[in-house]
Every structure is written in structure tokens, then in C-alpha cells.
Amino acid sequence: MADLRVVIVDDHSIFRSGLRHDLDPGIEVVGEAADVAEAVAVITEWQPDVVLLDVHMPGAENEATGGEAVLRRAAPLSPATRFLALSVSDAAEDVVRVIRAGARGYITKGASGSEVSRAVRTVADGDAVFSPRLAGFVIDAFGAAAGETAATDDELDRLSAREQEVMRLIARGYAYKEVATDLFISIKTVESHVSAVLRKLQLSSRHELTAWASARRLL
């Protein structure tokens with residue numbers, strides 16, 4: 001009898017079928033979905049232990065990836081469910097966005113059925129899991145190295161109160177349009193604030209900003 005219930009979210013039916021077949025017998029696939037809307041509906045209905053979630057799929061809005069959109073919509077409706085990203089992508093930005101949105105782990109599709117099964121059980125137990133080649137990046141990006149401390153007052157004093165608000169949202173992976181909506185400002189104003197933040201902190205990209213904020217426990 002299965003002791004874990006999972007939902008597979010991926011827009012390729014052949015991959016879903018293969019994964020379903022390769023998972024350990026103790027893991028029951030109770031539902032599948034091929035796009036964001038379908039995923040939210042299936043997860044809400046079944047309230048699974050774990051969702052195996054592709055990062056890129058149809059139905060995402062704005063700049064969010066499909067996986068990120070599923071997390072933002074489905075996680076509040078299924079609070080006991082844990083999410084494990086399973087993707088062909090090992091791009092730094094993809095990892096940051098989906099983990100920041102709430103996924104408990106990120107493994108690549110090169111993993112075997114037994115490796116995915118172990119990862120599902122690890123995530124279900126409340127621990128995080130990452131493909132080996134992503135582990136170093138995750139440590140760097142999320143500031144998990146020993147001895148890191150909170151940001152100094154001097155660093156934050158470079159930013160205005162509004163710039164700090166924008167900085168935190170952008171570092172969490174929000175799209176410019178989402179930041180504008182949350183803060184009731186225009187997208188052009190958001191762009192101006194982001195440029196100012198990057199200049200004042202001497203950073204060159206949103207990815208560097210996420211790593212900077214994470215290392216200082218600002219997210």
C-alpha cells in the first residue's frame with residue numbers, strides 16, 4: 001500500500017507516464033496536470049503529500065515561470081503539500097525563482113526513478129534536496145555559508161525606504177509588473193528604483209541582488 005501521494009505537473013504526457021512507471025511502489029500518483037490552471041485544480045482537489053513540478057509550462061502570467069505560478073497559487077490552497085521542482089533546466093535564475101516561491105528542492109530530469117523517489121521522500125519528511133551540481137549554487141545564492149551576518153546599517157542606509165521595498169520584492173523573484181501592482185506605482189518607477197538599487201549596491205543583475213539580499217537575511 002502506498003504511503004505517499006504525489007501529483008505530477010509537466011506539460012509532456014510521455015514524461016509523466018514514464019515518471020509514474022519509474023516511481024517506487026510506495027509512492028502513489030493521484031493526479032497529473034499539464035498546465036498551471038490544471039495543476040492548481042488537481043493539487044487543490046487531492047491535497048497530495050508532494051508535487052513533482054516542472055519549472056517551465058504553459059499558463060504562466062507576466063514573467064513568472066509556470067512552476068513559480070503554480071506555487072504561488074496552489075501552495076496557499078494546499079498548505080500541507082510540499083513541492084519538488086523537476087526540470088531539464090539547471091539555470092541559476094530558474095532555481096532561485098522556484099525555491100524563492102516555496103519549492104523544497106530542485107532536481108534535474110537526468111535523475112533516475114529511484115533518485116526521484118528518494119527525493120520525494122526527503123521532501124515529504126520536511127528536508128530540502130538538490131541535484132549535486134546545483135548544491136554549491138544554492139549555498140551561494142541563499143547565503144547558507146557559515147559565518148554570514150545580517151546587512152550592516154551602512155549598506156541599507158544607501159537605499160531609501162521605497163528602494164528597500166522594491167529591492168526585497170525584486171530579490172524574491174517578482175516581475176516588475178507585480179512589484180508595481182503591490183506598491184501601487186508605475187512599472188517605469190519600478191525600473192528606476194531597480195536601477196538605483198543596483199547602482200548604489202554596486203551590483204549588475206537581479207541574480208546578484210537576490211544573492212546579496214539572501215546572504216544578509218533580508219528576504
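What covers the buried residues of helix 9? The structure is a predicted model, in which local features need pLDDT of at least 70 and side-chain atom pairs count only at pLDDT 80 or more, while totals for chains, interfaces and linings use all residues. Residues are numbered from 1 along each chain as its sequence is written, and side-chain values use heavy atoms, with hydrogens and water left out.

Of the 219 residues, 47% count as buried; buried means under 20% relative accessible area, with a 1.4 Å probe and protein chains only. Among contacts (heavy atoms within 4.5 Å) between residues at least 6 apart in sequence, 63% join residues at least 24 apart.

Helix 9 spans residues 176-183, and its buried residues are Glu-178, Val-179, Ala-180 and Leu-183. The cover over these residues includes helix 3 (66-74), helix 8 (161-171) and helix 10. Just after helix 9 comes Phe-184, which takes a positive phi of about 55°.

Helix 10 runs over residues 187-201 and holds His-193. Is this histidine buried or exposed? His-193 counts as buried because its relative accessibility is 17%. Leaving aside residues up to four places away in sequence, His-193 touches Arg-162, Glu-163, Val-166 and Ile-185.

Note on methods: Helices (H or I, at least four residues) and strands (E, at least two) are DSSP runs, numbered from the N terminus. Buried means under 20% relative accessible area, exposed over 50%, partly exposed in between (1.4 Å probe, protein chains only).
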